[in-house]
Amino acid sequence: MSKITRHDSAHKHVAGTSTYSDDIILPENTLHAYAGLSTCANGTITSKDFTAVLDMAGVVDVLHADNLPRNIDLSPTGQNDEPLFAKDKVEFYGQPIFAVIAKTRDIARRAAQLAEITYNEASNAIDVLDAEAQNYPNVTAPLTLQRGDVDSAMQNAPHKLEGEMRIGGQDHFYLEGQIAIAIPGEDDDLTIYTSTQHPSEAQHMVAHALDIPFSSITTKVRRMGGGFGGKESQSNFFAVVTGISAHKHRVPVKMRPDRDDDMISTGKRHDFVARYKIGFDDKGVIQAVDGNFLARCGYTSDLSGPVTDRSLFHADSSYYYENVRLQSHPLKTNTVSNTAFRGFGGPQGMLAGERFIEEIAYALGEDPLTIRKRNFYGTDDRNITPYHQVLCDNISAKIVDELEDSSEYQKRREAIIEFNKQNPILKKGIALTPVKFGISFTATWYNQAGALVHVYKDGSIALNHGGTEMGQGLFTKVAQVVAEEFSVDVECVKITETTTDKVPNTSATAASSGSDLNGMAALDAAQKIKARLINFACEKYQVTSDQVTFENNHILIGNEKIPFGDFTASAYMERVQLSDTGFYKTPEIHWNRETGRGNPFYYFAYGASCSEVIIDSLTGEYKISRVDILHDVGSSLNAELDIGQIEGGFIQGMGWLTTEELWWDDKGRLRTHAPSTYKIPLASDIPDEFNVKLATWSKNVKPTIKRSKAVGEPPFMLANSVLEALSMAVASHKNYKVCPSLNAPATPEEVLMAIERLNKG
């Protein structure tokens, strides 16, 4: 690839010149919107009085369900269960009921507190176990994956165990909050600037709300200050409110909530309760798995269906289950509707799969890594997943063996066991866990992308595609693809904002598919233009195509070397088309949800991590002292960006499993709604020794863009080794004979309680 390795906007971020939605200079008459939120978790609305709101100086309008021309639904899956504003009932504390439109943001925000709304409150179910006990419904259809005869195999297994694990949720905590600006044009035209991972869905939502064609709405996104899934569907509310208001009042409207209201009113990672039964032999080889995954989904379906589906897809982690039955239970609760988050249910399923291994290891008195190796997917009849996809690219064993050696896992584990014998208070733990993550949208139709490439007369190139940049370096990678195809410096490629009037019908930038899809689409467009340039050279210079090469900002035609810009100028004069679109759709994938069978993933990304921790048994406090990672990105498009994604993904995963605790009170109020009450990892939480390497020998067996592999989501699950290492440290209190059943997040309080549970047991 191109020599440049830095992120295209890195220098702008440092200099403060990167433009985000909140930096856009607004027209003088811009209005501002702010949402009024429910203060009841479940109940009917008995009255609404907006008199005081409308009487406040500077307030222009109040939007609410009763004064909208039609019912507006924001469900991303079309289930018609997510109203823009609550009308007759509220179903979570923080649900939007109205929006104030005012001359300034401060006026709109203050006026939103003046509405008088009364409720007839009903009982609620905040926790997923409360929802189960009260027989709350599923928000979407459950899924069952099954292969083999689970009941018979379980009955005949030499060893059996069962357990339950709580897996916490997580707030996206993007640095840039939700925001949207709508600017009206002539006729019904609207331009929406919004921080979204799914520009086309925002376009469609606004068009549906106004009952106008999609072509009248243009959504634009230059960059986001983080997304992580939180801006895939949750950003639609802000786009629609501003779109309706701008269309109605014929002036621009901007909406940006405070951090507290953002956290209270937008969805998060689903928290799970995983229940399982496992049958295994004397060597710890799994013979049967029966797993049930209860998920707190919130008050609507949102993306809970595909999220809980994917949790089952990854409940095998890296292991072969001879007989398996996995069931999802996406339960409704009186909380904010949970949504996409990095890994999209995969981390919850994979963490449960690692707990299965841990349970077996402690039951047999074995090193968990030994049990992992005995259960890895193999070849022939041990390579079929619970959803019946044949695993043909498995490199888990090679990755793990290499990391085991380079991290000196065995030597360090022996030293840690000896340390724990000598120290009654401080206890250490170490764990090495693998990652196997399927790449593709399980909604097959999303696996497509478009691109638009212009080559100008001077040889400069403009690139546009359907992916969005949220800090992950997607724009840089795709620009490198185009630059390499024309053999020009990447600086020659102008990166332009994502906009639905250039590339329509875009898929969300999600499922780790951004580079795979958009890189191939951009390559397709560049290759079409390049082919025309080669044909032009052949005709003009009377040479064959093998005598035309692109090299180092020049075109070599026979013995003549022409600067790229001069050649494109010449091609323009001869009326050669220098612009084209590109398209790509992922091949070979199919999925039948009804039968629970198919090939939902084009390929798998692999990795492994080894983490060492030390805990204080009197307080539960701990420190992560060393982490070693070996990760598979295939043939890397940009090693520097990939390593950055791996480091960031691991730390974010570490936060999910250790410090990021969401807590609602019995009234349904989210009490962890600001940096003061919700703890993301800090620089001081980074391991003292942090070694990250790429598996440079890996090359994707599938013909992806330059044989690379996705790197957005898979590294997140490398953090599983942190929880397993903490578990070993706790288990030392019972000489590693009992699985501590450590729940996530393993806060110091949870670690201390796990020790207490072991000691009492």
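**Exercise 1: a charged network**

Glu 689 is partly exposed, with a relative accessible area of 35%. Keep in mind that this is a predicted model. Your task: find the residue that forms a salt bridge with Glu 689, and see where the pair sits.

Step 1. The partner is Arg 626, with the closest N and O atoms 3.7 Å apart.

Step 2. Arg 626 belongs to strand β28 and Glu 689 to strand β29 (residues 689-694), so to speak a link between distant parts of the chain, 63 residues apart.

Step 3. Check burial: Arg 626 has a relative accessible area of 15%, and because buried means under 20%, Arg 626 is buried.

Step 4. Now widen the view: Arg 626 and Glu 689 are linked in a network of salt bridges with Arg 412, Glu 612 and Asp 628.

**Exercise 2: another pair in the network**

How far apart are the closest N and O atoms of Asp 628 and Arg 412?

Step 1. They are 3.5 Å apart, and the two residues form a salt bridge.

Step 2. Asp 628 lies in strand β28 (residues 622-631) and Arg 412 in helix α13 (residues 409-422), so the pair ties together parts 216 residues apart in sequence.

Step 3. Both Asp 628 and Arg 412 are buried.

**Exercise 3: two faces of a strand**

Which side chains of strand β24 (residues 579-585) point to the buried face?

Step 1. Asp 580, Gly 582 and Tyr 584 do, and they are buried.

Step 2. For a neighbour, take strand β17 (residues 448-455), which runs antiparallel to β24 and is joined to it by seven bridges. Tyr 584 is the bridge partner of Ala 449.

Notes
Residues are numbered from 1 along each chain as its sequence is written. This is a predicted model: local features need pLDDT of at least 70, side-chain atom pairs count only at pLDDT 80 or more; totals for chains, interfaces and linings use all residues. Side-chain values use heavy atoms; hydrogens and water are left out. Buried means under 20% relative accessible area, exposed over 50%, partly exposed in between (1.4 Å probe, protein chains only). Helices (H or I, at least four residues) and strands (E, at least two) are DSSP runs, numbered from the N terminus. Two strands pair if DSSP finds at least two bridges between them. A salt bridge is a side-chain nitrogen of Lys or Arg within 4 Å of a carboxyl oxygen of Asp or Glu.
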